[in-house]
Amino acid sequence: SGAQWPASCRVLLMCATVIAADRSLTSSSSYSSTSHALSRAAFVPQLSHPLQRLRSNLPRNVCSSMRMKDTVTVIGASTSVGKRLTSELLKEQEFSLNLCFDKYSDAMSHANNPLARCYVGNIAQTRGDLKVLQVSSSGENRMIDFDTILGSSDAIVVSESTSCFPSVDWLLGRSPTDLNVKLLHNVAKGCSPRVKKIVLLSALGARRNLTRLPKLDANILFWILNIFGALDAIREGEQIICRTGQRLSVPTSIIRAKLHCYMSGPFGGMDEELFEELQYQSLELLPGDISDGETSDLSAALTLKQALVDDSFNNKDVSVVNSRGSSPQSLEEWNKKIQSLLLREKQLA
């Protein structure tokens, strides 16, 4: 039918991207040569914080500065990735959570969970006296300073995202500049010395040298995504977070996922059901911003969670793309992913 035709075209395009990316990941020599070529032609300079090497001995236990019942603030809990991250963190029941939503209905859905304090509001607004609404299942809602939430946080995970092309969300204060510059400035100003770690969901392509005019090279699709400055705003947000980490002597982690023109619809990414049907539910961790492929919401959320609990991700810039197989669940499976990341870092050195 007419309604199905755009989705069918989208599926074919996404499948081709996933398969092409998977083939490039299966060859170490191909990866190495491609990585060196991209590192010369496609990168902006490294972010200013130093990158720490991961441990290479296996087996190992996860080294984590986080402790049971530490307070984790999730900003962007209403996004598709944020919802999955919230679900994973609540399932583990390891941390006390501050959940910041932009939709009241999302906040109410978790308001009676004893591990979660739920807030709703526009954190990207002009700072001033920035307040959000604390939502209670009893209906006794109250306004609270956003800085009070940040001041109670042992770790902060930002999982905000929006469309790369103009949309209704942009008119409602959720443009790339709103969510990646204004919002992160507000987070940076409110961070306290109590914070042990900041984890940021970013995007593939944000750190590449994209020309003002399009070129038929490996970055052409990222150039399209940046027509309205979305990737430029995301890169500026990364720099805000890294400077904040340096100022507070706090480790930061940048986790890159693949974005699309819109969050859903014919110009959005694949849904989880299609990743499952293609059996591309596993993931690959790649250093820096050199890869391409597709990233499911679940893979992005799992990597954000792992970066939160595993200090191996401290001061790391890591891209995540889906690959053939199932999602990593055990410590041993994550160790293998990290070892693969180490190998690729060595090839780029």
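Helices and strands are taken here as DSSP runs, numbered from the N terminus. In the predicted model, Asp154 is found in the loop between helix α5 (146-151) and strand β6 (155-158). Asp154 has a relative accessibility of 7% and therefore counts as buried, the cut-off being under 20%. A polar contact of 3.0 Å joins the side chain of Asp154 to the side chain of Arg194. Beyond the neighbours within four places in sequence, the residues in contact with Asp154 are Met66, Asp70, Thr71, Arg194, Val195, Lys196 and Lys197.

The protein chain as a whole has twelve helices and ten strands. Of its 349 residues, 55% are buried. Among contacts in the protein chain with a separation of 6 or more, 77% are between residues 24 or more positions apart.

Helix α7 covers residues 176-190. Its 15 residues should span 21 Å at 1.5 Å a residue, and the end C-alpha atoms are 21 Å apart, which agrees. Eleven of the 15 residues of α7 are buried, so the helix is largely enclosed by the rest of the structure. The buried positions are Pro176, Asp178, Leu179, Asn180, Val181, Leu183, Leu184, Asn186, Val187, Ala188 and Gly190.

With a relative accessible area of 0%, Glu238 is buried. The C-alpha atom of Glu238 is separated by 8.0 Å from that of Asn180, although the two residues are 58 residues apart along the chain. Gly173 lies in the loop between α6 and α7. The relative accessibility of Gly173 is 18%, and the residue therefore counts as buried under the 20% cut-off. Residues up to four places away in sequence aside, Gly173 touches Asn122, Ala124 and Asp178. Gly173 and Gln125 are 48 residues apart in sequence, with a C-alpha to C-alpha distance of 7.8 Å.

Helix α3 has 13 residues, which at 1.5 Å a residue should span 18 Å; the end C-alpha atoms are 19 Å apart, which agrees. Its buried residues are Val81, Gly82, Leu85, Thr86, Glu88, Leu89 and Leu90. These are covered by elements including the strands β1, β2 (96-101), β3 (116-120), β6 and β7, and the helix α11. α3 is followed by Gln93, whose phi is positive, near 55°.

The largest pocket has a volume of about 870 Å³. Its lining consists of 43 residues, of which Ser80, Val81, Ser161, Met263 and Asp297 lie nearest the centre. Two or more lining residues come from each of α3 (80-92), α7, β7, α9, α10 (272-277) and α11 (297-309). α3 gives the most to this lining, with four residues. Val81, listed above as a buried residue of α3, is one of the residues nearest the centre of the pocket.

Ser253 is placed in strand β8 (residues 252-257). At 0% relative accessibility, Ser253 counts as buried. A polar atom of its side chain lies 2.8 Å from the backbone oxygen of Phe313. Apart from neighbours within four places in sequence, Ser253 is in contact with Ile198, Val199, Leu200, Ala307, Phe313, Asn314, Asn315 and Lys316.

Positive phi values also occur in loops. Lys69, in the loop between α2 (28-41) and β1, has a positive phi of about 70° although it is not a glycine. Gln279, in the loop between α10 and β9 (282-287), is likewise not a glycine and has a positive phi of about 60°.

Note on methods:
Residues are numbered from 1 along each chain as its sequence is written. This is a predicted model: local features need pLDDT of at least 70, side-chain atom pairs count only at pLDDT 80 or more; totals for chains, interfaces and linings use all residues. Side-chain values use heavy atoms; hydrogens and water are left out. Buried means under 20% relative accessible area, exposed over 50%, partly exposed in between (1.4 Å probe, protein chains only). A polar contact is a pair of N or O atoms within 3.5 Å; within protein, one must be able to donate a hydrogen and the other to accept it, and residues adjacent in sequence count only if both atoms are side-chain atoms. Contact means heavy atoms within 4.5 Å. The expected span of a helix is 1.5 Å times one less than its number of residues. On a 1 Å grid over the protein atoms alone, a cavity is a set of points where a 1.4 Å probe fits but cannot get out, and a pocket is an open set with protein on both sides within 12 Å along at least five of seven lines; lining residues have an atom within 4 Å of a point. Grid points are joined across faces, edges and corners, and a volume is the space filled by probe spheres set on the points.
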